[in-house]
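Dear colleague,

Here is the structure I promised to pass on, and my notes on it follow below. Please read them with the model open beside you.

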Amino acid sequence: MSTPFSTINLNSLKQDIKTNTSNILVSEQGLSNLNATIVALENKLNNSFHSAMVRTKIEITGITLGNPSDSNPNQFGGEVDLLTISGINGDASEVCLDFMVVGEWSSDEFAKGICIARYKLTGGSYAADTIIRGDTDGTSVRIITPFVVSSHFANVDSTLESAAGRVVDYTTSSGETYRYRIVLLNSAGTGGDFYLNKTQNAGASPGLEIGLSCLTAQEFY
């Protein structure tokens, strides 16, 4: 005995087709959004390493004693413009900064150090935002790391000194763009001239070494 076909509800069928079509479109949009997210993340990862390497020999004079303010990193003349990295994405959860600064101080190299100024892109230009360094403790000069004292103690014209280290900035804000710059610090009040990548002695002989300095930044998401 055959069973007759049920009567088809055309309105219900139309609604089912409309719903399924809508779901397909939503799924396609979801896949498109996911693909865009993946592409954006790939672009971030592919552009997450930044560097500034300096071979130029320059003299930075008149770096005086004190802690520069967050709003004026060059307050005491210690900024090194050549050791600057710009365009750091604030969406990164952390920014790893590595640095190596080589040169010779005019005196008291044991009382000199390094910090890193951070700028934020505001209205088309970078404005001082903060300085990465040690915490406040009275009038102590706040640094990340000191310059290594040369084994040639008290030699101030023919032996390179260096400051190297790594610090992680985890205080960036999403949607912002940042710049980082090396700042030299003087905690002695004397010997405020620094000869980047060279000795104070301007000669060219085997004992007067020539170095190079660098600053790198790696964004982590």
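F147 and F194 are both buried, where buried means under 20% relative accessible area, exposed means over 50%, and partly exposed lies in between, with a 1.4 Å probe and protein chains only. This is a predicted model, in which local features need pLDDT of at least 70 and side-chain atom pairs count only at pLDDT 80 or more, whereas totals for chains, interfaces and linings use all residues. Residues are numbered from 1 along each chain as its sequence is written, and side-chain values use heavy atoms, with hydrogens and water left out.

The structure contains three aromatic pairs, a pair being two rings of Phe, Tyr or Trp (its six-membered ring) with centres within 6.5 Å, called stacked if the planes are under 30 degrees apart, edge-to-face if over 60, and tilted otherwise. In one of them, W105 and F147 have ring centres 5.7 Å apart and planes at 85°, so this pair is edge-to-face. W105 belongs to strand 4 and F147 to the loop between strand 7 (145-146) and strand 8, so the pair ties together parts that are 42 residues apart in sequence; strands here are DSSP runs (E, at least two residues), numbered from the N terminus. The rings of F147 and F194 have centres 5.4 Å apart and planes at 55°, so that pair is tilted. Since F194 lies in strand 10, this second contact ties together parts that are 47 residues apart in sequence. W105 itself is buried, with a relative accessible area of 0%, and K112 lies over its face at 5.2 Å from the ring centre (a charge sits over a ring if NZ of Lys or CZ of Arg is within 6 Å of the ring centre and within 35 degrees of the ring normal).

The other residue I would point out is R181, which lies in strand 9 and, at 12% relative accessibility, counts as buried. The side chain of R181 makes polar contacts with the side chain of T84 at 2.7 Å and with that of E79 at 3.3 Å, a polar contact being a pair of N or O atoms within 3.5 Å, of which, within protein, one must be able to donate a hydrogen and the other to accept it, while residues adjacent in sequence count only if both atoms are side-chain atoms. R181 and R118 are 63 residues apart in sequence and 6.6 Å apart in space, C-alpha to C-alpha.

Best wishes

Key:
Helices (H or I, at least four residues) and strands (E, at least two) are DSSP runs, numbered from the N terminus.
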